[in-house]
Amino acid sequence: MTMKENHLFEEIVEHSVDEIFVIDRNGIVLYVNEACETNYGVQADRLIGASIKNLEDDLFTPSATLEVLKRQRPVEIMQRTTRGKRLFVKSRPVFDKETGELTKVISYARDLSDLNELRERVQKLEKQLEDQSKTQGAVFGDIIAESDEIQQVLKASSRIALTDVPVLLSGETGVGKTLLAKKIHSLSKYSDGVFQEINCAELPKQNRQIELFKYLEGGEGLVELPDRCTLLFDEISEMPLHFQANLLKTLENSDKSVRFIFSTSHNLEEKVQNGEFRGDLYYRLNILPVYIPPLRNRKNDIYPLANHFLQTFNEEYNQHKTFSPIALNALYEYEWRGNIREMENLIQRLVIMSETTEITIDQLPSIIKAGSISHAETLPEKLEQMERYLITEAYDLYGSSYKVADSLGISQSSAMRKIKKYMKS
Ligand SMILES: Nc1ncnc2c1ncn2[C@@H]1O[C@H](COP(=O)(O)OP(=O)(O)OP(=O)(O)O)[C@@H](O)[C@H]1O
């Protein structure tokens, strides 16, 4: 080895992150590199010449080197230092080639404290995630519920699910009343029975449902219900008046083997005032009312829902579509009169029909494009909308906060802040 090579070699060993520790056959320290300072808080030259027996317990425990001296073979152990480090130590004996006697023990120690800490943190996070998905899985399942409004609805529903009292779900068309009814069924003691939907507007036309009704009334019907079941009377306000009388009787005589859920997208109270709905039935149904707000009043759900449907239809049609930020922003601004159903149908159509991987604003229906900066009322609202539009458009175009800052003449940190504000997804 040349002088230069020797020097290089020394440097490598000296600066190795792993500690290198060498003792002779009597357990006297011959060499230790500078990693020992971090592991034990003692400088290397104070250790050289010391006996390993004296160092054990004072600096670390147990000693891998002593084990090697005893057993004359390689040893791997976890060691704890008095500085609180956890070291993984590999110790190897070195034998004299001629006599075969042990001459030295070389040990390599790797500090695993950080790794352990990291592992503990990961384990903790995994546990948190598991707990979270357990509660969400149990209560929310596949219902997207980012907004406080819908979380309140879900909380109330999971309490309601534990009772057998009739429930009245109200909200505009497509807000998720049927989905929620199914959720209540799945969380209730009726979940092992069937969930049956009855469309009240269609009632006079459907013989099977009339038969079901006869059965519920206690008459002899062709339909038999299982021991326990949930019946969802969809659009209850559309039920003809003569059926309403039957329903009232059924509810009064119910033996609790059936869970009744009613849904309406109309104002039942108004219908009562107009004489189109029986008041006595209304009060009977309205014991546990649950109102699901329209999507435009719970904007926090828009991005998660859009992403959820994009993912679902991407999987279904084996696609990898994404939304351009500005298209996503237009979905955010839109009024969604048809609520979640409208969004679901639109995204399904876009995933199937879009010819590009990225779905851009010009592929959206013109009503959505047009609305994207229109309905702000006050000056601050209008300014914010304009800013949202400009930021998302610039980001859409350039894809970097630096270029957005440059093109709009603002600082990069301000561009960054605004991108985060307007483009959370
Ligand atoms: N929070 C949600 N997360 C995921 N999907 C949802 C959510 N809410 C509704 N949906 C979906 O939107 C569609 C419409 O929902 P649903 O049929 O339950 O609405 P509805 O209020 O019963 O409508 P209608 O009054 O017209 O009967 C369904 O495909 C449903 O799965």
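A crossing of two helices is left-handed if the near helix is turned anticlockwise from the far one by less than a right angle, and right-handed if clockwise. Residues are numbered from 1 along each chain as its sequence is written. The structure is a predicted model, in which local features need pLDDT of at least 70 and side-chain atom pairs count only at pLDDT 80 or more, while totals for chains, interfaces and linings use all residues.

**Exercise 1. Describe the packing of helix 7 and helix 8.**

Step 1. Helices (H or I, at least four residues) and strands (E, at least two) are DSSP runs, numbered from the N terminus. Helix 7 covers residues 148-160, and helix 8 covers residues 177-187.

Step 2. Two packed helices are described by the angle between their axes and the distance between the axes. Axes are lines fitted to C-alpha atoms, for helices over the stretch in contact, and angles run from 0 to 180 degrees between N-to-C directions. The axes of helix 7 and helix 8 come within 9 Å and cross at roughly 40°.

Step 3. Angles under 35 degrees count as roughly parallel, over 145 as roughly antiparallel, 65 to 115 as roughly perpendicular and the rest as oblique. Helix 7 and helix 8 are therefore oblique to each other. Their crossing is right-handed.

Step 4. Contact means that the C-beta atoms of two residues, placed from the backbone, lie within 7 Å. On helix 7, the residues S157, S158 and I160 meet L180, K183, I184 and L187 of helix 8.

**Exercise 2. Describe how helix 13 packs against helix 15 and against helix 14.**

Step 1. Helix 13 (residues 302-316) and helix 15 (residues 339-353) have axes that come within 9 Å and cross at roughly 40°. That angle makes helix 13 oblique to helix 15. The contact involves L305, A306, F309, L310, F313 and N314 of helix 13, together with I340, M343, E344, I347, Q348 and V351 of helix 15. Helix 13 passes helix 15 in a right-handed crossing.

Step 2. With helix 14 (residues 325-333), helix 13 packs at an angle of about 120°, the axes being 9 Å apart. Helix 13 and helix 14 are therefore oblique to each other. Here I302, Y303 and A306 of helix 13 touch L328, L331 and Y332 of helix 14. This crossing of helix 13 and helix 14 is right-handed.

**Exercise 3. Is helix 14 mostly covered or mostly uncovered?**

Step 1. A residue is buried if 20 or more other C-beta atoms lie within 10 Å of its own, exposed if 12 or fewer, and partly exposed in between; C-beta atoms are placed from the backbone.

Step 2. Eight of the nine residues of helix 14 are buried, and the helix is mostly covered. The buried residues are P325, I326, A327, L328, N329, A330, L331 and E333. For the protein chain, buried residues make up 27% of the 425 residues.

**Exercise 4. Describe the largest nonpolar core.**

Step 1. A nonpolar core is a set of buried Ala, Val, Leu, Ile, Met, Phe, Trp, Tyr and Cys residues joined through C-beta atoms within 7 Å. In soluble globular proteins, nonpolar side chains tend to be buried together.

Step 2. The largest core has 50 residues, and those with the most contacts inside it are L169, I261, F262, A306 and A327. It draws at least three residues from each of domain 2 (143-293) and domain 3 (299-422), where the bounds come from an automatic or database domain assignment.

Step 3. Leaving aside residues up to four places away in sequence, I261 touches V167, L169, A181, I184, T230 and L232. Another core, of 19 residues, lies apart from the largest one and includes V29, C36, F60 and L87.

**Exercise 5. Which backbone features are found at P62, E235 and N318?**

Step 1. Most residues other than glycine have a negative phi, and most peptide bonds are trans.

Step 2. T61 and P62 are joined by a cis peptide bond, with omega about -10°. P62 lies in the loop between strand 3 (60-61) and helix 5 (64-71).

Step 3. E235, which is not a glycine, has a positive phi of about 50°. This residue is in the loop between strand 9 (229-234) and helix 10 (241-253). E235 counts as partly exposed because it has 19 C-beta neighbours inside 10 Å.

Step 4. N318 has a positive phi near 55° and is likewise a residue other than glycine. Its loop runs between helix 13 and strand 12 (322-323). With 6 C-beta neighbours inside 10 Å, N318 counts as exposed.
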